[in-house]
Amino acid sequence: MSIDIGSYGPLNSNYVKRINETIHKALNEHPRTMVLRADLRFPDNFQDDSTVITRFIVSLKAQVEADMQRRADSGHRVHLCKIRYMWARESNEFEKKHYHVALCFNKDTYAYPGSYYTATGEYIHNLSVMVMEAWVRALNLHVYSNYQQFYPLVHFPAKCCYHVNAKKGSDDPSYKEAINSVLYLAKLYSKVSSDGYRNFGCSQY
């Protein structure tokens, strides 16, 4: 069964349901949640596999835990930050596979992703860099020297960061804006159906 909203075309209603449930769970844990959208691309001639998105999430979680430990060791106040996620696997008009992800963080821990461009030739450590690092590691490209050249395989949309607040409810314009952005992952168009891999997933806990 599908529904249709706006310019996305028909949406998978089950995916829509799971997206809403995931964001509600995030808000139950972190009443102030930051939702981050990103697109994960493959290098040319890379063979996709069914576990790459799992490796990405595992790497990102490990980096966030390490970052929080560094903050604690430095004497800074640390807020609990469980990551909830949603992902969709798609293929573009050139048959190149890619992923769209939406990641939910405690806004008291990460309010913004930070810059994903180099500063004087080097990246500043922040959330966006951790996302890029996680994808490079999921692809096992970190074994190369100067592997940061692969960071641009992660693309952040011009509007990639959304703040939602449980106290303001689902009628809040910021909440609606976040949901509308994430519903892009539920569109039926461009989903891969020929190779037996899953096209959509989200955190279960």
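## Surroundings of Lys 187

Which residues does Lys 187 touch, not counting residues up to four places away in sequence? In this predicted model, the residues concerned are Tyr 8, Pro 10, Leu 11 and Glu 90, with residues up to four places away in sequence left out of the list. Lys 187 itself is found in a loop, the one running between α4 (173–182) and β8 (200–202).

The relative accessibility of Lys 187 is 5%, so this residue counts as buried, the cut-off for that class being under 20%. Its side chain also takes part in a polar contact of 3.2 Å with the side chain of Ser 190.

## Nonpolar cores

The largest nonpolar core comprises 41 residues, and the members that touch the most other members are Phe 56, Leu 60, Leu 103, Phe 105, Tyr 110 and Trp 135. Two or more residues of this core are given by each of β3 (32–41), α2 (52–73), β4 (84–91), β5 (97–106) and α3 (127–138). Helix α3 supplies the largest share, with 9 residues. In soluble globular proteins, nonpolar side chains tend to be buried together.

Leu 60 illustrates the contacts of one such member. Leaving aside residues up to four places away in sequence, Leu 60 touches Ile 83, Leu 103, Phe 105, Met 130, Val 131 and Ala 134.

## Packing of α2 against α3

Two packed helices are described by the angle between their axes and the distance between the axes. For α2 and α3, the angle is about 135° and the axes are 8 Å apart. This angle makes α2 oblique to α3, because it falls in neither the roughly perpendicular range of 65 to 115 degrees nor the roughly antiparallel range over 145. The crossing of α2 past α3 is right-handed.

On the α2 side, the contact is made by Val 52, Arg 55, Phe 56, Ser 59, Leu 60, Gln 63, Val 64 and Asp 67. On the α3 side, the contributing residues are Met 130, Val 131, Glu 133, Ala 134, Trp 135, Arg 137 and Ala 138. Phe 56, Leu 60 and Trp 135 take part in this contact and are also among the core members that touch the most others.

## Thr 54 in α2

Thr 54 also belongs to helix α2. With a relative accessible area of 47%, Thr 54 is partly exposed. Its C-alpha atom is separated by 29 Å from that of Asp 73, which is 19 residues away along the chain.

Methods
Residues are numbered from 1 along each chain as its sequence is written. This is a predicted model: local features need pLDDT of at least 70, side-chain atom pairs count only at pLDDT 80 or more; totals for chains, interfaces and linings use all residues. Side-chain values use heavy atoms; hydrogens and water are left out. Helices (H or I, at least four residues) and strands (E, at least two) are DSSP runs, numbered from the N terminus. Buried means under 20% relative accessible area, exposed over 50%, partly exposed in between (1.4 Å probe, protein chains only). A polar contact is a pair of N or O atoms within 3.5 Å; within protein, one must be able to donate a hydrogen and the other to accept it, and residues adjacent in sequence count only if both atoms are side-chain atoms. Contact means heavy atoms within 4.5 Å. A nonpolar core is a set of buried Ala, Val, Leu, Ile, Met, Phe, Trp, Tyr and Cys residues joined through side-chain atoms within 4.5 Å. Axes are lines fitted to C-alpha atoms, for helices over the stretch in contact, and angles run from 0 to 180 degrees between N-to-C directions. Angles under 35 degrees count as roughly parallel, over 145 as roughly antiparallel, 65 to 115 as roughly perpendicular and the rest as oblique. A crossing is left-handed if the near helix is turned anticlockwise from the far one by less than a right angle, and right-handed if clockwise.
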